[in-house]
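Here are my notes on the model you sent.

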Amino acid sequence: MFNTMHQMTLLFVLLGGFLLSGELPQQTSSLNAITGVRQVSGIQIYTAGEVEAVNGTDVELKCRFSSNYPVSLTSVSVAWYFQPLHPRPEEMIFYYHHKPYLPTEGHFRRRVVWSGDVMKKDASITLQQVSQTINGTYICKVLNLPDVYGRTGEVVLRVVDKAAGFNLYDWFASLVSK
């Protein structure tokens with residue numbers, strides 16, 4: 001499973017914004033015409049930026065995208081990575097191409113669920129039973145061939161013990177107990 005994820009990461013890196021092809025209907029500069037390399041359009045990624053979730057609950061990490069090219073089930077690939085608060089390497093936690101590939105081992109095993117729909121340009125995932133051990137930055141990367149160049153989306157997840165804000169029941173209970 002993770003060998004497939006590592007291979008797909010390599011694909012993301014290799015494609016990183018340029019394709020070697022003379023068949024794409026793109027504008028080219030004279031340098032690109034000489035080298036045969038054409039820059040592809042930039043895919044746009046939209047995320048919440050920051051999300052707060054209560055310990056033990058499920059939270060959806062929303063990631064939407066737009067592309068200048070038609071979307072199909074075979075053209076779109078999605079990868080989600082986790083960057084913990086503590087200095088550790090970035091870890092791939094989810095991959096989608098034709099179907100979802102969930103982690104089979106590690107901390108995110110049985111905690112990540114595909115909640116997106118590529119035909120609706122939605123690359124969201126849901127984390128189940130969150131805990132403070134998974135506080136950190138989640139990175140959404142989407143490719144829609146030939147549209148492979150663009151920024152990634154980031155969501156900073158902060159897991160708290162209880163929801164912030166005013167709770168009428170707790171306030172009333174504190175008045176009654178006095």
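The points below go through the basis of the values, then the strands, one cysteine and the nonpolar cores.

1. Basis. The model is predicted, so local features need pLDDT of at least 70 and side-chain atom pairs count only at pLDDT 80 or more, while totals for chains, interfaces and linings use all residues. Residues are numbered from 1 along each chain as its sequence is written, and side-chain values use heavy atoms, with hydrogens and water left out.

2. Strands here are DSSP runs of E with at least two residues, numbered from the N terminus. Buried means under 20% relative accessible area, with a 1.4 Å probe and protein chains only.

3. Partners of β12. Two strands count as paired if DSSP finds at least two bridges between them. With strand β7 (residues 76-84), β12 pairs in the antiparallel sense over 9 bridges. Within this pairing, Y81 stands opposite I139 and V78 stands opposite V142. Strand β14 (residues 153-160) also runs antiparallel to β12, joined to it by 5 bridges; here V155 stands opposite Y138.

4. Strand β7. Of the 9 residues of β7, 8 are buried, so this strand too is largely enclosed by the rest of the structure. β7 also pairs with strand β8 (residues 91-97), in the antiparallel sense and over 6 bridges. S77 has H97 as its bridge partner in β8. The two strands form a hairpin, with 6 residues between them.

5. C63. This residue lies in strand β6 (residues 63-66). C63 counts as buried because its relative accessibility is 0%. Leaving out residues up to four places away in sequence, C63 touches I45, Y46, T47, W80, K121, D122, A123, S124, C140 and V142. Contact means heavy atoms within 4.5 Å.

6. Cores. A nonpolar core is a set of buried Ala, Val, Leu, Ile, Met, Phe, Trp, Tyr and Cys residues joined through side-chain atoms within 4.5 Å. The largest one has 31 residues, and W80, L127, Y138 and V142 have the most contacts inside it. β7 supplies the largest share of this core, 4 residues. Another core, of 5 residues, lies apart from it and includes A79, Y81, Y95 and I139.

Conventions: Buried < 20%, exposed > 50% of the residue type's maximum accessible area, 1.4 Å probe, protein only.
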